[in-house]
Amino acid sequence: MHPQAFAKPLLAAVMAFAMLLTAAPVTAVELNPMKLLFGSTKNMDVKKLQKKQAKEIVKLRKKAKKDTRAMAVLADHYFWGIGMKRSKARALELYKKSYAAGDAMAVYHMGLFYETGLDVNNDGILEIPRDPAKGAALKAKAAKGVNKLAKKGVGDALYYAAAFHELGRYGFKKDRKKFRKYLEKGADKKYPHSIVLYAEDAENRGKATEREACDMYRAAAQLGSGLAAYKYGICLQIGRGGRKKSYSNAKSWYELGARKGSSSAMNSLGNVIIAKETDKDKAKAKAGTFFEMAVHEGDPEGYKSFAQYGISFNQAYYYQQALSLDPSNSNYLWQVQNARSKDTLGRDEFIGIPPGVYSHKNLMHIAKKASGGHAGYAELAQDLILTGYIKSTVPATILSLENGFKEFGKLVYFGDNNTTITMSHSFYTSMYTFQHIISKWDIKTKQLIEIRALAPGLRIEAFSSDGRLLAVSDNRPEYWKVKFLNNQGPKLAIYDTETTREKMSLLQLTANGSWRVNFTGGDRFLSIITQTFIGEKSFDKSLVLNVADGKILHEDTFGEKIMRKVSSNGKHVIFRKDKKAGHNTLPGWGTGSVIEGLSISGMFSPDQNYFIMRDKIFDMRSRAFIPKTWTGSVTFSRVPSTPLFISRDFQGTMTWAIEGTNIGLVSYQPNEMGQAVPSQSGEEKYIISPDATLIAMNGTGKNNGLMSTFIQPFTIPDDATIKSVIASAKSRASANLEIADVLDMFEAGFGDMALEKFTEIVTAKPANIRPSAQLFAKRANIDATSLGLALKTAYEAANAAELNAAVSYLYWYGLLANAAGHADIADMAADRISVLVQQRDIRGKETDTSNLVIAFLRSLAEAKRGNMKSAYGILVASKAIKSDKYTAQKQFRKYPDLLADLYKEPKKLSYILGVKLGALPKAAAVRVKPAPYWTLDGRLIEPGVAAILEEDGGAIID
């Protein structure tokens with residue numbers, strides 16, 4: 001049973017009621033079990049009673065088609081299996097209809113269901129969630145109507161009305177006479193539960209009436225009582241009431257009781273199997289099936305059996321499950337506390353939350369009970385506190401979107417017309433596996449609505465792009481073993497995110513291997529890679545599944561590991577095999593041709609004709625590469641139903657328009673509520689609502705500095721702006737093609753002509769100078785003199801159009817100048833960058849980068865002059881290098897030929913960069929040759945001649 005629970009189940013309630021009645025047994029004068037069943041239990045004709053019962057059920061089925069009162073009676077038969085096969089699902093269906101019509105017994109039973117929770121399909125998920133307050137209210141509301149039905153002789157109403165008068169509940173006075181009257185009538189009508197109570201009374205009088213009691217248990221069991229079958233099984237197991245002691249016969253009656261819903265019979269059946277079968281592993285496997293049945297009926301003793309017979313490291317988890325169903329059980333509490341392990345610092349470790357649905361109300365109830373001194377609830381609250389969902393028990397406080405996560409979850413989707421947002425978290429449990437928890441939040445109030453805790457071992461492998469579907473591997477550990485038997489690995493299935501219910505079972509994975517699962521092709525397909533280990537060898541296999549029906553569309557031959565990314569229109573597939581990528585058209589899942597330079601790390605363009613990578617674009621129609629038309633990564637998220645994509649940095653959200661291969665920045669929207677965090681570990685740190693009006697992101701809140709999820713409006717740019725940006729992108733694409741031609745001219749040796757054309761391009765279109773970065777990347781093929789002038793020209797164009805690009809081009813210009821023998825010009829470049837930063841507004845991140853490049857240029861100039869002490873001193877003193885060592889290290893990996901002067905004392909350099917000496921990037925073997933170079937004021941300086949910066953910013957030759 002899902003712990004929606006923290007509840008005693010319905011069967012347990014019935015048994016508890018029976019114990020209450022027998023705790024103060026009535027005298028032989030008051031109730032005569034002999035008289036009850038026609039003079040003597042020996043003369044009972046059970047077959048005759050069963051035939052009569054069968055005829056009544058036939059009539060009842062016909063009547064229940066129209067009569068809601070008959071529906072409730074028939075529902076009672078279905079629920080307990082009285083005279084028919086048990087069906088909780090059919091019972092609930094009938095109860096709901098009768099409840100809607102206001103039938104008192106249906107209302108009372110729905111109260112029982114809400115009070116305890118109801119698992120209809122025995123799958124661990126409660127179709128009726130536990131809500132004790134609602135359950136109690138419904139029962140109180142129905143009590144008078146139940147009593148009226150009892151007066152009319154309704155079987156189950158007689159049973160409950162007897163309890164009302166025995167215990168004095170729901171406004172009824174204690175009345176022993178009415179209690180006897182209702183109970184006798186129920187037994188006379190052969191209502192099985194009433195007969196069981198009579199039998200228990202007979203049993204409690206002593207050995208003289210044990211035989212009659214066992215006879216009545218047998219009769220009640222044959223009429224449909226699972227509890228009676230369990231009781232009769234005990235008679236046979238211990239040889240009570242003149243019965244011959246027989247485990248095999250007892251087992252048969254326990255089996256009947258289990259079919260009729262008796263959790264006590266289920267547990268006893270499991271214990272008998274373990275006690276009597278010689279192969280203990282097989283016995284535990286068989287017994288485990290019945291313990292699990294008891295668990296689904298809500299009996300904590302099933303979990304207790306798991307803990308007793310299972311492996312030691314599972315004990316804490318299963319005793320905690322038992323405690324969740326019976327929080328006042330001191331034995332369960334002690335077992336959990338005794339089995340809970342500690343970490344190296346002596347702190348309690350996370351056991352795992354009992355699977356199920358916990359509403360905000362449920363969590364508050366647990367927190368308040370814990371704060372009130374209830375030891376059982378305090379223990380249950382401990383794990384919820386460790387996850388962060390309960391923030392505090394004194395006062396009782398639940399996690400909200402604004403009061404600080406312990407760790408960020410994956411943002412999944414907006415729902416319910418943008419009134420809610422769903423995300424998932426994962427936690428490592430004492431079961432040595434992860435537990436995933438799906439949480440739903442109210443956007444307006446920022447409050448937690450509910451969490452759905454999946455069972456440990458149900459691992460979320462992938463979400464669909466809209467978040468509504470889950471690919472889940474079912475690797476739940478069994479209580480008696482750690483790994484799967486017979487090499488059977490986890491089952492892969494599709495789940496519904498909203499309900500966390502399985503929609504479709506897909507395939508079995510191997511036990512001794514690993515796998516990777518991704519949705520692709522507009523969520524129509526699953527791409528699956530499996531790796532199986534046999535001895536020291538590994539074998540790979542790749543599959544493509546249809547999400548709609550679960551059928552395998554393609555399976556590669558054993559030994560291949562192929563990752564696939566399929567276009568949304570289903571026409572193209574990009575694949576990676578053995579670190580090489582290729583392209584194929586669909587249908588046809590074969591690998592096709594490997595294409596040099598293609599990478600699977602990219603995205604399909606909105607028109608699905610291009611595959612866009614970080615440094616180039618692949619035209620899938622011509623199978624040819626074309627230059628990229630913008631700088632930056634391709635880690636974009638699609639804005640639903642628009643040609644727009646978004647990306648994000650710490651401070652805000654960038655909106656991009658994409659048409660074919662043309663990409664342009666449309667708008668930049670600063671974060672209003674806090675600072676976002678970058679994406680990591682495959683978790684989405686931001687999502688956009690389906691109507692593109694809201695954006696959610698994980699980050700640090702402005703007001704409180706806590707790890708939070710904040711939601712703010714998102715504004716879609718107007719059509720005119722989008723068209724303008726696309727037009728500019730097309731213009732840049734044109735410039736990009738022209739720059740590509742310039743690059744070809746340089747590499748062919750037409751330096752002067754190439755330089756003239758380049759100058760013409762960047763002068764005419766200063767906003768389109770970014771593609772000229774390709775010139776610097778090809779510096780080995782272009783002489784320093786020509787490239788220096790090109791970079792100077794690019795800087796001048798950028799300074800008029802885009803400051804950040806101007807800083808980049810000045811940095812490259814200075815690096816190349818120093819490498820070509822002109823330390824003074826490198827200093828000039830550093831000075832100019834410093835002036836630019838002071839004159840123009842640059843966001844914090846770029847300002848830090850500017851300080852970093854200034855430090856590099858100045859230290860390189862000193863190193864070129866032979867002043868190594870001064871060169872290293874500049875780097876040691878630079879706060880920018882200390883605060884961003886990764887970027888500093890990256891410069892040495894990217895430009896080893898230009899930074900080679902700083903390698904004279906590797907030990908000092910490794911300290912400055914914060915890396916071990918052996919991990920220091922290697923210095924370049926080939927360096928830029930000394931060459932004439934252009935100053936920023938247009939003078940060509942020969943190697944060895946100093947270029948001195950004048951006060952007004954010009955330069956003279958010394």
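Visitor: In which sense, left-handed or right-handed, does α8 pass α9?

Guide: In this predicted model, the crossing of α8 over α9 is left-handed.

Visitor: What makes α8 roughly antiparallel to α9?

Guide: The axes of helix α8 (residues 155-167) and helix α9 (residues 176-188) are 8 Å apart and form an angle of about 165°. Angles over 145 degrees count as roughly antiparallel, and α8 is therefore roughly antiparallel to α9.

Visitor: Which residues of α8 and α9 meet?

Guide: From α8 come Leu158, Ala161, Ala162, His165 and Glu166. Their counterparts in α9 are Arg176, Lys178, Phe179, Tyr182, Leu183, Lys185 and Gly186. By class, the residues of this contact are six nonpolar, two polar and four charged.

Visitor: Why is Tyr170 called partly exposed?

Guide: Its relative accessibility is 21%. Buried requires a value under 20% and exposed one over 50%, so Tyr170 falls in between and counts as partly exposed. Tyr170 lies in the loop between α8 and α9, and has a positive phi of about 55° although it is not a glycine.

Visitor: Why does Arg623 count as partly exposed?

Guide: Arg623 has 36% relative accessibility, and the class covers values between 20% and 50%; Arg623 therefore counts as partly exposed. Its phi is also positive, near 55°, and Arg623 is placed in the loop between β22 (616-619) and β23 (624-627).

Visitor: Where are peptide bonds cis, and what is omega there?

Guide: The bond from Val394 to Pro395 is cis, with omega near -5°; Pro395 is in the loop between β2 (390-393) and β3 (396-398). The bond from Leu586 to Pro587 is also cis, with omega near 0°, and Pro587 is found in the loop between β18 (580-585) and β19 (593-594).

Visitor: Which residues have the most contacts inside the largest nonpolar core?

Guide: They are Tyr95, Met110, Phe113, Val146 and Tyr160, in a core of 81 residues. Helix α6 (residues 104-116) supplies the largest share of this core, nine residues. A second, separate core has 73 residues, among them Leu755, Phe776, Leu898 and Tyr933.

Visitor: What is Tyr95 in contact with, leaving aside its neighbours within four places in sequence?

Guide: Its contacts are Ala72, Ala75, Asp76, Phe79, Ala106, His109, Met110 and Phe113.

Technical notes. Residues numbered from 1 in each chain as written. Predicted model: local features only at pLDDT ≥ 70, side-chain atom pairs only at ≥ 80, totals over all residues. Heavy atoms only, no water. Core = buried A, V, L, I, M, F, W, Y, C linked by side-chain atoms within 4.5 Å. Buried < 20%, exposed > 50% of the residue type's maximum accessible area, 1.4 Å probe, protein only. Helix = DSSP H or I, 4+ residues; strand = E, 2+ residues; numbered from the N terminus. Contact = heavy atoms within 4.5 Å. Axes fitted to C-alpha atoms, helices over the stretch in contact; angles between N-to-C directions. Parallel < 35°, antiparallel > 145°, perpendicular 65-115°, else oblique. Left-handed = near helix turned anticlockwise from the far one by under 90°. Nonpolar A, V, L, I, M, F, W, Y, C, P; charged D, E, K, R; others polar.
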